[in-house]
Amino acid sequence: MQATPWLAVTILLLIAIFDVCVLMIPIPIAPEFVEGRLKLSGPHVGVAVGLISSAYHLGNSISSAMMGDISDVHGRKPVILLGMLTSCVSVVLFPLSTTLWMAVGNRFLCGFFNANITMTKSSLSDLSRTWDADRRNMVFGYLGAAWGLARFFSSAFVGFTSGIMLPFLPFAADNPFFFPCFASSCFVLLTTIAAALFLPETLPLRSRENRTNASDAQITRFRGTTMLGRLRDLKHFGGSALLKLLVLHMFHQGLNGGIVTCFVLLLALSDGEGGYGMSANEVGLVFSFYGVVGLFFQVFCYGPLCKTFGIRKSYAVGTFLLAVGSICLVLGTELVTVSNVNAVRMGIVMACTIPQAIGFMCGLPVLIVLIANASPHDLMGLTQGTAQSSGSFFRMLGPLVFAAFFSYSVGRTGPWGTFSIFAVGYFGMTLSTYNLPRSLEYPLKVSLSSDCQSQRERTANNLKDVMTLLTFDLPENCRVAISTLMLFRDLSISENYPLSNW
């Protein structure tokens with residue numbers, strides 16, 4: 001069994017961690033940043049927070065598929081380094097914005113040039129292509145844990161460190177938001193250096209040459225030599241299962257982006273308006289607890305859950321917990337009224353976040369494994385790029401639409417209306433997993449650079465599925481006879497008994 005390249009995996013996980021940090025940095029400070037730095041107030045605050053949160057995803061949605069396509073030809077590492085360097089610069093400049101459109105433009109450019117969420121998924125798919133299912137699921141579980149922990153611990157770090165001044169820097173002496181962004185940028189820079197020195201290229205040169213070699217033009221014509229051709233290949237080789245997973249990914253990203261933004265707004269909303277009335281530091285403490293719960297689940301429960309129930313049912317469990325957690329978050333606003341003791345109120349809030357924290361860890365990370373399993377390996381970069389591009393578009397719409405709806409509906413229905421929509425959406429995704437095929441538990445054994453041998457194998461497997469359906473109601477002796485024929489068919493496509501010798 002091939003050994004796990006832990007150095008490469010560790011660097012990729014660090015890239016994922018700090019990439020999510022770049023994504024999440026503005027979230028916990030956004031309400032105060034908009035009011036204090038950008039001088040906005042009233043319902044405009046929610047709209048501005050939604051725009052800032054959405055701008056990154058808009059840029060990402062435009063470029064991710066293109067970046068994934070480029071990485072399939074030129075390798076993953078150059079795209080990763082470009083994204084890290086762009087993130088390093090944009091993060092340190094964000095708190096210096098003085099208008100809403102400067103902040104929005106900064107986040108848009110950061111998202112446009114950063115495709116590292118796509119690249120980490122594609123690189124781990126490259127590395128784990130020949131691994132057994134348990135080890136592959138475990139590594140993708142680590143990726144999910146890295147995202148979850150980065151999402152919430154970065155929010156906690158920003159919340160705790162906002163307000164620290166740097167008087168020796170004239171341009172940031174009175175800026176309480178500069179220090180957390182500057183410190184995060186330094187961590188991103190260190191990770192960029194580590195990736196440049198120690199991260200190997202995970203996509204073999206031979207795989208890239210198979211797509212660009214002119215001698216293969218006859219084979220690869222109409223098979224992914226252009227962007228549209230590769231999109232056609234996704235539909236042809238992945239089938240309806242891959243398309244369904246990409247649609248699920250879009251809506252899941254939209255709901256996740258919306259609920260994180262609305263949760264921050266709910267925590268900052270005053271008690272009289274139906275919120276928790278927390279400061280930025282208290283928001284950071286809540287997100288720290290959120291991350292600890294997610295870490296505990298990922299370390300002790302994620303692997304046994306996937307091994308016992310499979311990744312399809314694990315995803316159903318994750319989305320169901322997200323639905324329940326959406327109601328718990330707003331239910332907590334009613335429960336905290338029983339006490340005026342801050343410690344008791346904080347304990348109630350933390351308890352209400354537990355279903356959401358677990359759901360985040362076995363929701364989207366498991367869906368990413370399903371998409372990787374449904375994708376042809378030769379199009380892994382494009383598949384993950386397409387998923388990230390479409391998902392980022394919905395993740396852009398999520399904060400924008402839900403934050404605006406939250407701000408304008410607080411005075412009418414309170415936060416219950418917004419969070420009920422989240423609950424219904426997540427529960428609908430739970431129901432949608434009902435008819436996902438069992439083959440998604442394992443990686444798809446098809447590639448565009450395969451020879452006629454693998455093409456015959458896929459055709460034979462499709463024939464097997466059809467014959468299985470046709471023989472379901474036949475007598476036992478007919479099923480045995482046809483099964484015998486399928487056994488000879490299996491032998492015919494093996495290396496020892498090629499079909500050409502029949």
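Colleague: What makes the contact between the side chains of arginine 76 and aspartate 72 a salt bridge?

Modeller: This is a predicted model. In it the N to O distance between the side chains of arginine 76 and aspartate 72 is 2.9 Å. The cut-off is within 4 Å, so the pair is called a salt bridge.

Colleague: Are arginine 76 and aspartate 72 buried or exposed?

Modeller: Arginine 76 and aspartate 72 are both buried.

Colleague: Which residues are linked with each other in a network of salt bridges?

Modeller: Asp72, Arg76 and Asp126 form that network. The side chains of aspartate 126 and arginine 76 meet at 2.8 Å, N to O. Aspartate 126 belongs to helix α6 (residues 116-127) and arginine 76 to helix α4 (residues 76-93), so this pair ties together parts 50 residues apart in sequence. Aspartate 126 is buried, as is arginine 76.

Colleague: What salt bridge does glutamate 441 make?

Modeller: The side chain of glutamate 441 meets that of arginine 312 in a salt bridge of 2.9 Å, N to O. Glutamate 441 is in the loop between α17 (416-432) and α18 (452-470), while arginine 312 is in helix α13 (residues 302-335). The two residues are 129 residues apart, and the pair links distant parts of the chain.

Colleague: Why is glutamate 441 called buried?

Modeller: Its relative accessible area is 12%. Buried means under 20%, so glutamate 441 qualifies.

Colleague: How many salt bridges are there by this rule?

Modeller: The count is 4 salt bridges.

Colleague: What makes cysteine 88 and cysteine 181 count as buried?

Modeller: Cysteine 88 has 13% relative accessibility, and cysteine 181 has a relative accessible area of 0%. The cut-off is under 20%, so both are buried.

Colleague: How do you know how α3 and α16 run relative to each other?

Modeller: The axes of helix α3 (residues 44-74) and helix α16 (residues 380-409) cross at roughly 170° and come within 7 Å. Angles over 145 degrees count as roughly antiparallel, therefore that term applies to α3 and α16. The residues of their contact divide into 14 nonpolar, 17 polar and 3 charged.

Technical notes. Residues numbered from 1 in each chain as written. Predicted model: local features only at pLDDT ≥ 70, side-chain atom pairs only at ≥ 80, totals over all residues. Heavy atoms only, no water. Axes fitted to C-alpha atoms, helices over the stretch in contact; angles between N-to-C directions. Helix = DSSP H or I, 4+ residues; strand = E, 2+ residues; numbered from the N terminus. Parallel < 35°, antiparallel > 145°, perpendicular 65-115°, else oblique. Nonpolar A, V, L, I, M, F, W, Y, C, P; charged D, E, K, R; others polar. Buried < 20%, exposed > 50% of the residue type's maximum accessible area, 1.4 Å probe, protein only.
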